[in-house]
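Dear colleague,

Please find below the structure that I am handing over to you. My notes on what was found in it follow directly after.

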Amino acid sequence: MQVQVDTREHAKEWERIKGQFDALGVQYFRSKCYVGDYQSLDNPRLVIDRKKDLQEICGNVCQQHERFKAELLRAKEQGIKLVILCEHGADIKSLEDVFFWQNPRKYQIRWKTVNSKRVKDVISAKAVDGNQLYKSLCTIRDRYNVDFVFCQKEETGKKIIEILGGLYD
């Protein structure tokens with residue numbers, strides 16, 4: 001299997017995944033991808049878009065909605081199956097687990113000074129919670145035929161190969 005890796009993939013993240021690919025003996029080359037970050041030359045209609053965690057997905061769905069939607073539409077129009085691989089960690093293993101996720105931006109407290117007094121403040125009380133994000137991701141799954149897969153950072157390379165059709169354990 002030979003994997004095409006998008007040149008716009010973050011350098012630090014790519015170095016980590018490159019090491020995993022090297023350990024697995026995966027052949028790869030870097031080139032700009034039409035959509036997503038990873039695809040196999042054996043099946044160019046299956047593409048993986050890697051996300052570092054649920055907060056990045058939140059940003060894509062909420063703040064960068066138009067850019068993200070445009071990528072989803074490009075994939076759908078070209079008959080490309082898009083898999084979003086989220087490296088959130090051990091506590092999120094499936095789309096259903098997202099429902100229970102507590103967005104740190106919504107619950108994290110910081111101290112600030114108001115009228116010379118220290119008061120507690122929530123970073124962003126209006127931030128999206130797990131329930132809202134889960135509903136949005138289900139809509140994206142159903143509307144654009146997108147799959148959401150979750151893993152830990154240590155297994156990203158292996159998970160990419162599994163998704164793209166490799167024969168690794």
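**Findings**

Apart from residues up to four places away in sequence, Thr-156 touches Arg-16, Ile-17, Gln-20, Arg-50, Leu-85, Glu-87 and Cys-151, where a contact means heavy atoms within 4.5 Å. Before going further, please note that this is a predicted model, in which local features need pLDDT of at least 70 and side-chain atom pairs count only at pLDDT 80 or more, while totals for chains, interfaces and linings use all residues. Residues are numbered from 1 along each chain as its sequence is written, and side-chain values use heavy atoms, with hydrogens and water left out.

Thr-156 belongs to helix H7, which covers residues 156-164. Helices (H or I, at least four residues) and strands (E, at least two) are DSSP runs, numbered from the N terminus. With a relative accessible area of 0%, Thr-156 is buried; the term buried means under 20% relative accessible area, exposed means over 50%, and partly exposed lies in between (1.4 Å probe, protein chains only).

One of the residues that Thr-156 touches is Glu-87, and the side chains of Thr-156 and Glu-87 make a polar contact of 2.3 Å. A polar contact is a pair of N or O atoms within 3.5 Å; within protein, one must be able to donate a hydrogen and the other to accept it, and residues adjacent in sequence count only if both atoms are side-chain atoms.

Glu-87 itself is found in the loop between strand S5 (81-86) and helix H4 (95-98). Its relative accessible area is 2%, so Glu-87 is buried. The side chain of Glu-87 also has a polar contact of 2.8 Å with the side chain of Arg-50. Not counting residues up to four places away in sequence, Glu-87 touches several residues, including Glu-13, Lys-51, Lys-52 and Lys-153.

Arg-50 leads on to Asp-37: the backbone nitrogen of Arg-50 lies 2.8 Å from a polar atom of the Asp-37 side chain. Asp-37 sits in the loop between strand S2 (27-30) and strand S3 (38-40), and counts as buried because its relative accessibility is 9%. Leaving aside neighbours within four places in sequence, the contacts of Asp-37 include Gln-4, Val-5, Val-47 and Ile-48. Asp-37 and Arg-8 are 29 residues apart in sequence, and their C-alpha atoms are 7.9 Å apart in space.

How many disulfides does the structure hold? There are 0 disulfides, a disulfide being a pair of cysteine sulfur atoms within 2.5 Å. Cys-151 is in no disulfide, and the nearest cysteine sulfur, that of Cys-86, is 7.8 Å away. Cys-151 counts as buried, at 2% relative accessibility. For Cys-138, the closest cysteine sulfur is in Cys-58, and the distance of 14 Å is too far for a bond. Cys-138 is also buried, at 12% relative accessibility.

Finally, some values for the protein as a whole. The protein has 7 helices and 8 strands, and 42% of its 169 residues count as buried. Its C-alpha trace spans about 60 × 35 × 25 Å along the principal axes. Among contacts between residues at least 6 apart in sequence, 70% join residues at least 24 apart.

Yours sincerely
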